[in-house]
Structures are given as structure tokens and as C-alpha cells.
Amino acid sequence: MIELQNISKSYRTDTIETLALQHMNLSVPAGEFLSIMGPSGCGKSTLLNIMGLIDEPTEGRVALAGKEVTNYNGSKVARFRNEQLGFIFQSFHLINDLSVVDNVELPLLYRRVSGKERRRLALEALERVGLSNRANHFPTQLSGGQKQRVAIARAIVGRPNIILADEPTGNLDSHMGDEIMDILTRLNQELGTTIVMVTHDERMAKKTHRLVRLSDGERVS
Amino acid sequence: MLSHLLKLMWNKRRANGLIFLEILLAFVVLFGVYAFGFYNLDRYSSPLGFSYANSLGVRVDIADDLDSLASIELQRRMVREVGALPGVASVSMLGPINPFGGNTWRTGSDDNGFDLNTMMVFADEHFAETMELKFRQGRWFTVADGAGKYDPIVVNGKFIDQYYPDRESMLDSVIQINGEKKIVGVVEDYKYHSNFAENMPLTFFTQQEYNPDGTDPFEQLVIRAEPGRTAEIEEPLYNLLTDLTKNTDVVIWNMAQDRIKANRPVVIPLIILISISAFLLINIALGLFGVLFTQISHRRAEIGLRKAMGATPVEITTQFVLEILIVTAAGLLLGTFFAVQVPLLELLPIPDRFFYLGIVAAIVTIVLIVVLCALIPSRQAARLHPALVLHEE
Amino acid sequence: MIKNYLTLALKVLRRKPFYTFISLFGISFTLMILMLVTSMGDALFGAHKPVSDLDQLVYTPFIERYTEFYDTTYTVDTIVMDDGALRFDSLQSVEPNGSMNNSNGPMSFHFLDEHMRDFENVDSYTFFSDASHIDAYLDGRKVSLNTYYADAGYWQVFDFDFIHGLPFGPDDVEQGNKVAVITDRAARNYFGEVSAAVVGSEMELGSERFRVVGIVERPLIDDRTVRGDIFLPVTTIDNRQYTSTEMYGPFQAVFKATAPGKRESIKQQIEFLADNFEMPPESDYENIRFRPGTYVEIFAGSTVMENDYDKAKLMLFIPVAVLLFLFLALPLLNLINLNISRVYERKSEIAVRKAFGADSRDILYQFIFENLVLTFIGGLIGLALAVLVIKYVNANDLLGIVRLSFSVQNFFYFLLVILLFGLFSGLLPAYRMSRTNIGTALR
């Protein structure tokens, strides 16, 4: 489902060139729940951004869902992200000005889906994360765990093949973290969604199919 | 601290460019409105110098085929008979230049190498009484003055102040204005165009000067009624004058209303300008407030950091206020540069001081608004707890 | 998609009442002022009855007599010849030194009658006097009547609305019939009613009696050529005025060209007349000129007191344009500023949208659309305010006789203005928003 070949990424400022990733190869088959671990600054967020087409590699090629996407341009990338990818962030990134259900509907806004259909799909996604009773609340009225569940609902509402999660439990206590992990695991099993998760937490990583460790921009396992 | 802030503002010059532009434009608008307003306020504050509240103006049409004796006799009769109407306190006749009428006659003369430029008014011997003019010196001219060697004139205070400031008394002096004339009196003020007219040298002449051969009679009257009886004398006045002149072309108007009409060309633009600028100021203040609020709330992390490093709330507040003041100062500086060109290049015929006053007033207004708009969000931000803001990131 | 954008925009506006209020305040007042300015411009310079053919009219309000003074200059060149002798070359030049004696005023009927009848490209024309004034007293009540003496052509040049009766015709004028056309206001003031019964009634004006033949609607515009309360045949004016052979008198001329483009030709014919005019030998002046102009030219000329109409138009309209520009630029800048500062606030929202598949164009459209919704709401409030102000101004005669109105055409201009305002104030901020980089915003 995800093929990364010989990926390198460097950030250049005026004087120094920092290498974030070096000749990385990674392949994630469909339906896998993969976790990535490593110390701060080892390049795991960069790796996830490259998989999510948020960042471009300096070198190497990326293929997602069987398509070569390295050279996709602006609107093509947007289209692809919309259909194939779902994102979950450490700090949730919900839009505070929109109600919970409106937040969840967001990815569908950029497809040709009728308003009624959008609402139905969003409520269904909220149902799946157990928050349908909070549909008309606003993000500021929710706890951290609830916010992350809304974020997951948003990630799955468009039925993407891949979900990319950047430390989804990082801002939560262990009890809430477990809840989030349960939901992700269930998604993976019931819908067969491929999930790549970056985490700091060894305990969470153990619940996934496979663990990849990074250090200084290189795979160590 | 200041140099640190200057650097900070310079680095953010793109973000601050719009605020700079806004301040600049606001300054230009305010400068213009203030200068215009102060100039007119100054003129309004100088007195008219005559009474108008109970007065009527009248224009009659005296037949052109009357000979000069008959026309003078007709004028005398008009004054006599109008004066006898019940309710009339005083009446006089005057030439083509009437109060609030909008006409100006000027004459320039060379008085022994001295350039005398004066406005002209022609009136009969009752004029000072009818208009209730106040005298600084001397008296109004009388019929007897006409028999003297020199024609008599009365000048206004400004005439003396401008042309003979050092002379103790100009009374009975003979000066050159369209020939030799003797000054018999000096009135305090006679600003007859409107409240907003410039107080300028002015000279009253007799009918003799207006029309030496008597073929061109005075065709206007000023009638002061007893208080409260202005309206009721209009009809008898009209009937009397149409009878006397044998002509229906008799126009009567109320001088108090005429004053309001004469002031209108300044009052209406002034009201429009002031209300539009007030709206612009409120608009700018609100906008600036909103912009600063977002900008400052955006820098909560920076505030936390600064506080963690030991900045006091007062220092934080000062910093934000100073920052925006730097941008403001830049806008005002450029604005002032443009504004001072107006008096320096003498682009407009208005005394310089009103432009400088306008600049100062515009700067004060804008700085006040900016400080006010910056103070509230800054103080709110300065009260934040450092741990709280840092944690958020 | 539009519906989504709309509901979304409204939601965002509702969630931030403070910013919405600030923006709406600025937009609505600015658009209100703009609205009033257009309405005023239309009232002043638009074609309204009875001056429907404003763009065909050439006004000739006065004649100017003048004598220019010349400086005579002798230039003497001294040339030294080869043999040492001197030679002198002298040159005499006469140039106007800029000073002149002049005098101007409206014209006599005789003068117009003699010189201004046979112009080409004229559809119709009129000579009339607007200078008279009659006060009629009825039972202690004063009825002031601005009195116009006009020829029959007056009713062709100006298309008054006749409520009752008809204008007076060439026969009435020729025979000096004592007939009158009055305005509805004059009828109400004098007769106490505006009805068909008034036509045929007599009015006592001074010592003469006039029979009313027509009642017209009083024009609600500030144009001195149609501001009369009562219109009488030119032949009923004081006979001395009518027969006077002086140049000056109380009359002026208005010509209606056959087409707007022919106005220039009429002006040229009038100027030709002035250039080739033989002054009577006893006159104090050497030359005459008229300053014929279109309505806008005459207006500009008399407002800024400038006889060169092209210059007058610049002197009048440039300051007005600058003022208008400043009064528009400030609120616009303010709005842009506010919008841009909110770009930062909404960075993460934009990044999230992008992460879920919005491309830059979607974001651009969204924010421009949001802004348009805002401007339209502001515009509607501004429209309501403008209508209120116009009502107030009209009810209290704040602009004298002039009535501000709100035409369909104005409304479309207004929509256009709203659209432009929305686009201008939204474009830069929206562009900046759409360029937001997802990676950094979501860190």
C-alpha cells in the first residue's frame, strides 16, 4: 500500500544543511497497522509528512495505493489526499469555529457529496468513535480524549485506505490513550484500513502489527 | 529596548506595511479636516458687528427714467414712510452690497505710496443706527458731512489695524481712496458676508461716492423691526413700497434666515466632513483594535517566554504599545512631510498656522487612538501566566 | 458547493461576533456614504424632467464685454559692422499684458432676437428671463413667485409635466396674451388647490391679471433655468425691458442640439458670432464673448469661479475624486488589515483543510466567498441606512429643492460596488491564506 524507495530529505538554511532522512526504504502492505518509534528529531514526523504528501522528499520515490505520486502537483495531490489519506494529529487540530459534526464533514466538502449525505456519513463516523451524542458541541467544550476521537472520525469519514497518525496519544493520559488505541485497532480490523502511527509510547507500539525504529534519519530496525 | 523594538518592527515590515499605510492616509484626512475646521472656527469666532435678528432686507426697483432729483426724493420718501410704519424701529437705504448678499466690491488705492485695498459698502446716514454698529472712535456720517470739502467715510477696525496700526487716531485724517476722503468714524466690526467670512479692511461710502450724477439710486433697504414684530410688518411694507415705486418687483427677506443661508456653504461641508471623519476614526480604531488583538494573542508564546525570562507585565504592555507606536510614528512622519508642503509651498490661501495646528491635532488624535487600541489587548496579554501559554504550544 | 460555502461563512461570522461587528460597521457605513454620493451625483448631473435632454443642451447664460490692454515693446538690436560703424535694427511688438476691463451679465431680448436665431444643428431653443420676482399678498399671506418670462420654445426645450392644461403657444406670445403657466406648488399656495378648475382662473399679479392656462409639476432639481413658480409670455414683460436695445438685459438663451455630439457645433457658432461681432463705436469695450457650456461645464465654472470650463471641471472634480478615494481607501485598508491578521489566526484551520484534500484554489474561493458574504450583509445594512438618510434629507429639505432618489440604475451600480469592495478586501488576505504551508502550520 505504501512504498518508499531511497528517500532522503534535507532542510537547508543559509549556512547549514540538515539531513532529516537518509536513503530510507519502507514498504507497508495493505491492511497493516505499523508503528514508528524513535527519539525526538530522528525524522519520524518528516517521514510521516512525506507519506502524507504534506512534504516532498529531496530524493527518492513514493508510491501510494499502487500509484507513483512523487511528481504529483498541487491540485492532484489535494485530490489524492482527499480520497486516499486520513490524518490524525497529536494536538487534534480541530477547527474551533465549527461544531463537532461540521468538523467531521470537512473532508467530504472537497468531494461532490450532497449535504444530506455528508451529514449521514459524519454521524456514522461519530457513531463509530462513540460520540454521536456530542455532534452539535463545539471543540472547546470537549475533553482531550473526546477531541481526538472527533479527529479520528474526521480521518475515517472519507473512507481512506490509509490513516497517518502523528502521536495520536501524545497529549492524552494513559486511560484515554488506550481508548484511542482500541478505536484505531478496531478500524484496522473491521475496515482493513492501513494505519501508520508515530509514537513515543512503547506500550502503544506493542499493540500494532509491526514496529520500525528510527535514529538520526535512518532505520535501525 | 527601543533599538530592539525597531529591529523587530523592521523585520516585520511586510506585516506592518498595511497599518503604516492606514495611519498615513488617516493622517492626511485628519490633517485636512482639522486645518479646514480650525480655520473656519477662527473666523466664526470673530464677531459680525451688526444686528440682524429683527431685521428685514428689501430690494425695490426704481424706474430708470426718473431724473436724479426725483429718484432722491423717492428714496427720502421711502425712508420716511417706512420709518413711520408701526413696528418699524429703524430704516436705512443702501447700495448694491447688502449683508449676507454675497456681493463684494473692492477698490485699491495708492495713499502716498501706501497700498490701500479695501472692500466697499455704500449706505445712507441712518445705516449705523439701523444696523446697531458699535463705534471704536468717531461717528457715522451725516447729511451735513456731504457739504464739506472732503467726502466722509467710515472704516472698520481691521482697516486701521492693518494699514495704520501705529497711529493713535485716524479720526479726521484725509486719505486717498478713490480720491481724497475724510475718516469721520471707525466701527469695531462689519463682517457682512457670513460668520465664516474673513475679517478684512472695509470702508463705508456715502451715496455721493456710489453715484455722483444721481442716475443710479440706492435700491435696497434694511429695516429693523421692534423685537418680535418682524413678520407682521412685511405686508404693509410690501404694499407701501409697491405703491411708492409703482412696481411690483419688491423682494422682502428675513435677515436672520439670510445669515443661516449665507453660512450654509461652510456649515454643510463642515458637518459632512466632520461626520465622515468621525466615522472613519471609529472605523480605524475598531479595526486597529481587532488587528492588534489577533496579533498580540498570536504571540502568547513569546509573551510567556519573555515573562519566564523575567519581564514584568508593565514591561510587556510597554513593549506592545511601543511597537505599534513605532509603526505609527513612521506613518505620521511621512504624513507630516507631505502636510508641511502645503504651508511651505503656499498651496492654499489660508494662514500657515492653521496647517501647523492641523498637523499637531491630527498627530495627537492618531497617537491617542493607537495607544488606546494597543493598551487593552496588551494589558490583557501581559496578565497571562507564563506556564499556561508555554504549555499550550 | 456554493451552499456549503454560504452556510460555512455564516457559521464563521456568527462564531466571531466581535470581528463580524467591526467588519460590518466599516463596510456598511462606507457603502452608505458611497450610495449617498452616487445618489447626489445623479440628482445633480443626471437627466430628470423637465431637463430630460440634458445631454443635448447648450446654455448661454451671459455675455461678457471686454477690452484687453496691450504692452507695446520696442526691441533695438545694435550691430557692429566690419568697418566699426553701428547699425540699429528695431522691432516693435504688441502683446496683451494680461490685464483687461470687463463687464458681464445676462442679455437683452433684443440682442438675442437679432443675433441668436439662425444657428444650425439646433432642434429647438428658447430665450427667457429668470430674474423677476413677484410677491402676491392674499389676506395677509405672502405668496412669493419666482417669475420667468419665456417664449414658446421654452416648452420644447424643457419637457415639463403638465398636470392640467397646456403651455402657452407662439400665438399667445406674439399677441402678448396675459396667460400664465404655474407650478403645482404655486397653485396650492395661491388657489389652495391643484385641480382642473384652476385652469382658466385669474391671478392678480401687481396691477395686472393673468389667466392660468396650465399647471406643471414643480421640478425638484437645482437648475436655475427651470426654477420658476410662474411662467409668463415674454411679451408681457415690462415693455422697456422688451424693447431695450442695450446688450444687457435679464435674458439668457438655451439651445437644444439635434444630438449630444452637435453641442460642440452650436458652441462654435456662438463663439464665431462673438469673434465677428462689430461693437457699436460708442461702446466702452472692444470685444464680446459668451461662454456657452453644457450643464456640467456651467456648474463647474460657477462653483469654482473659473471661466475656462475644462480647467473648471478639473478644479472641481479632482479634489472630489481625491476625497472620495481617501474616504474609500481607509475603510478598505482597514478591512484588508483585519482580514490579514485573521489569516494567521486561521492558519491551522487552513492546514487541516489542505491535509484533508482542499487545494489552494478551494481555500482561495472559500475566503473570497466568506468575504463576499460579509460585504453583502454590510451592503444591505448600508443600503438600508442610505435609504433612511435619503428619506431624512428629503423630508427636511437639507439640500434645498433637490430630492435624492434611488433608481434601479443606482442599485446596480451599488451591487457592482459591493462586489468590487468584497473582492478587493478579500483577495490579498485570501491569497495569503491559500499559500499557507501545511507542514509548518501543523507542527
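Author: Let us begin with the nonpolar core. Of the 144 residues in the largest nonpolar core, V104(A), A153(A), A26(B), F27(B) and I366(B) touch the most other members. Helix α2 (residues 13-45) of chain B supplies the largest share of this core, 14 residues. Apart from it lies another core, of 61 residues, with L112(C), L145(C), V212(C) and I288(C) among them.

Reader: Before we go on, what kind of model is this, and how are residues and chains labelled?

Author: This is a predicted model, in which local features need pLDDT of at least 70 and side-chain atom pairs count only at pLDDT 80 or more, while totals for chains, interfaces and linings use all residues. Residues are numbered from 1 along each chain as its sequence is written, and chains are lettered from A and ligands numbered from 1 in the order in which they are written.

Reader: What makes a set of residues a nonpolar core?

Author: The members are buried Ala, Val, Leu, Ile, Met, Phe, Trp, Tyr and Cys residues, joined through C-beta atoms within 7 Å. A residue is buried if 20 or more other C-beta atoms lie within 10 Å of its own, exposed if 12 or fewer, and partly exposed in between, with C-beta atoms placed from the backbone.

Reader: Which residues does A26(B) contact, leaving aside its neighbours within four places in sequence?

Author: They are L280(B), I284(B), I366(B) and L330(C). Contact here is between two residues whose C-beta atoms, placed from the backbone, lie within 7 Å.

Reader: How do you know that the span of helix α5 (residues 144-156) of chain A agrees with its number of residues?

Author: The expected span is 1.5 Å times one less than the number of residues. For the 13 residues of α5(A) that should be 18 Å, and the end C-alpha atoms are 19 Å apart, so the two agree. Helices (H or I, at least four residues) and strands (E, at least two) are DSSP runs, numbered from the N terminus.

Reader: Why is α5(A) called mostly covered?

Author: Eleven of its 13 residues are buried. Among them are Q146(A), K147(A), R149(A), V150(A) and A153(A). The buried residues of α5(A) pack against β6 (85-88), α3 (100-109), α4 (115-128), β7 (162-166) and α6 (174-191) of chain A.

Reader: Why is A65(A) called partly exposed?

Author: A65(A) has 17 C-beta neighbours inside 10 Å, so it counts as partly exposed. A65(A) sits in the loop between β4 (59-64) and β5 (67-68) of chain A, and has a positive phi of about 50° although it is not a glycine.

Reader: And what makes N178(B) partly exposed?

Author: The count for N178(B) is 16 other C-beta atoms within 10 Å, so the label is partly exposed. Its loop runs between β7 (174-176) and β8 (180-187) of chain B, and phi of N178(B) is near 50°, a positive value in a residue other than glycine.

Reader: How do you know that strand β9 (residues 210-215) of chain A pairs with β3 (residues 33-37) of chain A?

Author: Two strands pair if DSSP finds at least two bridges between them. Four bridges join β3(A) to β9(A), and these strands run parallel; I36(A) has V212(A) as its bridge partner. Two bridges join β9(A) to β10 (residues 218-219) of chain A, which run antiparallel, with L214(A) opposite R219(A). In the hairpin of β9(A) and β10(A), which has two residues between the strands, D216(A) takes a positive phi near 50°.

Reader: Which pair of chains has the most contacts among the two pairs that touch?

Author: That is chains B and C, with 30 residues from chain C and 29 residues from chain B. On the side of chain C that touches chain B, α10(C) gives the most, with 15 residues. By class, that side has 18 nonpolar, eight polar and four charged residues. Ala, Val, Leu, Ile, Met, Phe, Trp, Tyr, Cys and Pro count as nonpolar, Asp, Glu, Lys and Arg as charged, and the others, Gly among them, as polar.

Reader: How many residues of chain C are in contact with chain A?

Author: 21 residues of chain C are in contact with 20 residues of chain A. α11(C) gives the most to this side of chain C, with six residues, and the side divides into seven nonpolar, five polar and nine charged. Chain A and chain B do not touch; their nearest C-alpha atoms are 9 Å apart.

Reader: What makes the peptide bond from K49(C) to P50(C) cis?

Author: Its omega is near 0°. P50(C) lies in the loop between α2 and β1 (57-60) of chain C.
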